[in-house]
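Open the model in your viewer and follow along, one selection at a time. Keep the sequence in view as well.

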Amino acid sequence: MTRQPTGYTRAQAAVARRARAGQAPSATSQFFIYAALTIGAALLLFPLWWMIVVSLSSPLDAARAAVSAEGFSLIPTDPHWGNYPAALEAMGARKWESFYDALANTIVLCTLTVIGQVLSCSLCGYAFARLRFRGREPLFILMLATMMLPAQVTMIPLFILFRTLGWINSLAPLIVPTFFGNAFYIFMFRQFFAQIPEALVEAARIDGCGYLGVWARIMLPLCRPVIAITAIFTFMFFWNDFLGPLIYLQSEEKYTLAVALNSFRNQYGGVNEVHQLMAASIVTIIPCVALFFVAQRHFVGGLSLGAVKG
Amino acid sequence: MAVSRTSLGVGLLWIAPWWLGFMMFLAIPLGISFYISLSEYPLLQPPLFVGAANYSTLAVDPVFHKVLYNTLLFSAAFIPLSTAAAIALAILVNQRLPGQPFFRACIFAPTIVPLVATAVVWMRLFNPETGPINETMAAAGIDGPLWLASPRWAIPSLVFVSLWGVGSPMVIYLAGLQEIPETLYEAARLDGANSVGRFRHVTLPGLSPVILFNVVMAIINALQIFALPYILWDTDPGPERAGYFYTSYLFDNAFRFLKFGYASAMGWIQLLLILGLTAFVFAVSRRTVYYRGA
């Protein structure tokens, strides 16, 4: 221990020790913190829990719950798992087919957009970070500025463009633009690429790698976290996207799950099918929840990368 | 050793995806959109130039005034509330206590629920007759409001639903909190600062760049809110159009009434609104945001 200077009281020493140890709160404040967190978490989780309970209740209970909460238990005592297949079967005009189509469309959409975003954004991010050419900085600033433009302002010209191309009622208007980069992800890739030591690039160059080789063999393998973040966010965005599919997809066999769920709600929004509506909603949530548990740290890392590290 | 230097041509080739996309899907459409906003364009006929007519019609369109008012009111309520709630939750889950990963996951969980599913469940929760919210209030002897169907409660309802997604800014604030050096808190303690003083003089300045980022993102998103209100109020925005918002009206003008010129004019006003508010926030931030190491 170092000698303490005069006038340095024991209380101050304790405070400093606690600060060094990482400020464990006192017992009273611990109680209040836990109380606040428990209330907050309960409030935030209640809608999800309620959704699960309703999705598992019998048609009679669900109907009764929709009329009155009396006798409706928040713990599913008699889970009706059959609600799930019943909901998926009834999701559209055609038994099962509507659900299968929506699922297949959503998977195709998410897969291709993820590939498109990762490829185009990593290429551009690499160039903005590692290639020196005249005009790079102004172009980069221009790109960042585009992040602020609301999509609505170009919605109509794009609709006309894709209509002229005959792409209406297909997934193409949603997929093709992802192969042309996205300012936010390019920015993330650039930030990451800029941190990779130049020596590594030089070594590869001396060994005869071209720029493309450096990008494919050195850079891409090193930036798995950014690839993961881009892939996850793109997946989540297109899995949930509502406005785009609503504009471009017109016939039921082209619907994505988000739009199919909405039309299911329109059709069967009545009191008697609440349990099925909730079951169908939960089915659309499951892949997102699974992805969250598999890749939790990337969600958090990705959200904070732009704000804190940028 | 010199860093890789290449010609403009090679550089442009590398970033070709971005600038091709920028031209095709942004710059040219932006120009066209401005021209359409000055035209009458019912899709099936070619656009007819009408000058600023769409803009002057918007200036006297009561529905436009209503959606603009609703959207601004929603943003004005939602942005401060969500900022305060997200910072408060971030501070709570940043305390060194056991069980925090569980609480963080609980708070973040609603943000991964697709918006359509979110709207579906909240429509049920808000049901004035049978929803659990009013049932609970009735049990406590309170006569609950009509929520979505009430002109007074429509916007607060949307604020509540949107606050359900407080987890995503919360996570960003949490990362920001963890970047503030512990030594600053230690110094503040030794100087005799209590917890309020430490929050005011260490946490807030340290967090200010993150607050700026989140507020700017919140402005951009709140002014464009679409999927939630569009589903919550469906085709019926309720009495006095209390549940009708800017992008919903823009979408309806474009794809239900096929008034492409009018919708484009709305798009341009929205663009200017977002740019203006963002510029204002950045101007204010010059004096209030503290950048460590800058």
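Select helix 11 of chain A, residues 211-222, in this predicted model. Its twelve residues, at 1.5 Å each, should span 16 Å. The C-alpha atoms at its ends lie 15 Å apart, so the two values agree.

Now show side chains on helix 11 of chain A. Which of them are buried? Tyr211(A), Gly213(A), Val214(A), Trp215(A), Ile218(A), Met219(A) and Leu220(A) are. What do these buried residues pack against? In chain A, their partners are helix 5 (97-130), helix 9, helix 10 (198-206) and helix 12 (224-240).

Arg205(A) lies over the face of Tyr211(A), 4.4 Å from the ring centre. For another such contact, select Arg190(A) and Phe140(A). Here the charged end of Arg190(A) sits over the Phe140(A) ring, at 4.2 Å from its centre.

Next come the aromatic pairs. Over all chains, the count is 45. Pick Phe180(A) and Phe25(B): this pair is edge-to-face, with 5.5 Å between centres and 70° between planes. The pair crosses between chains. Phe180(A) sits in the loop between helix 8 (172-175) and helix 9 (183-195) of chain A. Phe25(B) belongs to helix 2 (residues 16-37) of chain B. Both residues are buried.

Finish with Phe189(A) and Phe193(A). Their rings are stacked, 5.8 Å centre to centre and 25° between the planes. Why are they about one helical turn apart? Because they are four residues apart in helix 9 of chain A. Phe189(A) and Phe193(A) are both buried.

Terms used. Residues numbered from 1 in each chain as written. Chains lettered and ligands numbered in written order. Predicted model: local features only at pLDDT ≥ 70, side-chain atom pairs only at ≥ 80, totals over all residues. Heavy atoms only, no water. Phe/Tyr/Trp six-rings, centres within 6.5 Å; stacked < 30°, edge-to-face > 60°. Helix = DSSP H or I, 4+ residues; strand = E, 2+ residues; numbered from the N terminus. Buried < 20%, exposed > 50% of the residue type's maximum accessible area, 1.4 Å probe, protein only. Lys NZ or Arg CZ within 6 Å of the ring centre and 35° of its normal. Expected span 1.5 Å × (residues − 1). Contact = heavy atoms within 4.5 Å.
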